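The exercises below are to be worked with the sequence and the three-dimensional view side by side. Each task is followed by a solution that goes step by step.

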Amino acid sequence: MKPDFIGIGAQKCASTWLYNILISHPLISMATPQDGDKDTRFFSYFYDRGFEWYERYFEKRGNGIIGEYSTSYLYSLDAPARIHGYSPEIRLIVSLRHPVERAFSNHKHEISLGRVSGDNLIFENALKNNPLYLYQSLYYTHLSRWLHHFDKKQIFIILVDDLKEKPEKTIHALYEFLGIDSAYKPPMLYERIHETRIPQNIMLESSVKKVSTCLRRIGGASIIDYLKSKNINRKIYKFNSKSEEEAFLPMKEETKAFLLQYFAEENRKLADLINRDLSHWSR
């Protein structure tokens, strides 16, 4: 069973929010690995496991469509050719945000996962330690690689700015792109787009994830999807989150100025490619 569409990234660009928007639609079924993570990472990291391994995550539901979301695909050197070879007519979804904000959010995400400690908790040090912070924000470079294999009409590009300013219009256009009922309004449409967070209580966080994983393993995926559609998980996470000030050290102003300059030419080329005004990304 092949997917009808794939979300390819970018990481920390509202992809989890979009995943939940997609899976809430009655005509969309999304791949969900057993560990509860939305990303299968097949075409980037697990290609050697074969198509049978990949396709076991998909199950047709009525007359609907199926898809998956893996944020590692956008910047992968191998994923574009692999996906084209697998399904050349597939539709692709990509979401993008201010590249400096994305890089800093990437850093916060690594902290939340416990991958960053010591001096690297300082963003300026972490930039030197993790080149992917900047590499993943080179949107024009990555999209150019995808457009070498796919027609531009096959790629639906979403700006996080649009999700915040006009979510209904943007999601309506997304559903139209996928060829399904675009009048449907997801229950979480006007909820705040999820940002990286640090839990107050690690044990509570771990318990919620373990229960979710166990339910999926025993065939209770529909229960998890129902709870997500009612935003139960988001309410628990909100209750168990530290404030931004408690969790993260801020970016220095001189670092932001340097990064704005670093991404300037990349952003200019992207603006021309997608025919959008991205001047607000220069500040």
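**Exercise 1. Which residues of helix 15 (residues 264-274) are buried?**

The model is a predicted one, in which local features need pLDDT of at least 70 and side-chain atom pairs count only at pLDDT 80 or more, while totals for chains, interfaces and linings use all residues. Residues are numbered from 1 along each chain as its sequence is written, and side-chain values use heavy atoms, with hydrogens and water left out.

Step 1. Take buried as under 20% relative accessible area, exposed as over 50% and partly exposed as in between, with a 1.4 Å probe and protein chains only; helices (H or I, at least four residues) and strands (E, at least two) are DSSP runs, numbered from the N terminus.

Step 2. By that criterion, Glu266, Asn267, Leu270, Ala271, Leu273 and Ile274 are the buried residues of helix 15. Viewed down the axis of helix 15, these buried residues fall within an arc of 160 degrees, and so they line one face of the helix; the arc is that of the directions from the helix axis to the C-beta atoms.

Step 3. The buried residues of helix 15 pack against strand 4 (91-96), helix 4 (99-112), helix 7 (139-147) and strand 5 (155-159), where contact means heavy atoms within 4.5 Å. After helix 15 comes Asn275, with a positive phi near 55 degrees.

**Exercise 2. Describe how helix 7 and helix 15 pack, and sort the residues of their contact.**

Step 1. The two helices pack at an angle of about 45 degrees, and their axes are 8 Å apart; axes are lines fitted to C-alpha atoms, for helices over the stretch in contact, and angles run from 0 to 180 degrees between N-to-C directions.

Step 2. This angle makes helix 7 oblique to helix 15, given that angles under 35 degrees count as roughly parallel, over 145 as roughly antiparallel, 65 to 115 as roughly perpendicular and the rest as oblique.

Step 3. Helix 7 contributes Tyr139, Tyr140, Thr141, Leu143 and Leu147 to the contact, and helix 15 contributes Glu266, Lys269, Leu270 and Leu273. These residues divide into six nonpolar, one polar and two charged, with Ala, Val, Leu, Ile, Met, Phe, Trp, Tyr, Cys and Pro counted as nonpolar, Asp, Glu, Lys and Arg as charged, and the others, Gly among them, as polar.

**Exercise 3. Where does Lys12 lie, and is Lys12 buried or exposed?**

Step 1. Lys12 lies in the loop between strand 1 and helix 1, and with a relative accessible area of 16% Lys12 is buried.

Step 2. Examine the backbone next: phi of Lys12 is near 60 degrees, a positive value in a residue other than glycine. Most residues other than glycine have a negative phi, and most peptide bonds are trans.

Step 3. Ala14 is placed in the loop between strand 1 and helix 1, where phi of Ala14 is positive, near 65 degrees, and its relative accessible area of 11% makes Ala14 buried.

Step 4. Ala10 also belongs to the loop between strand 1 (5-9) and helix 1 (15-24), and a cis peptide bond, with omega about 5 degrees, joins Gly9 and Ala10.
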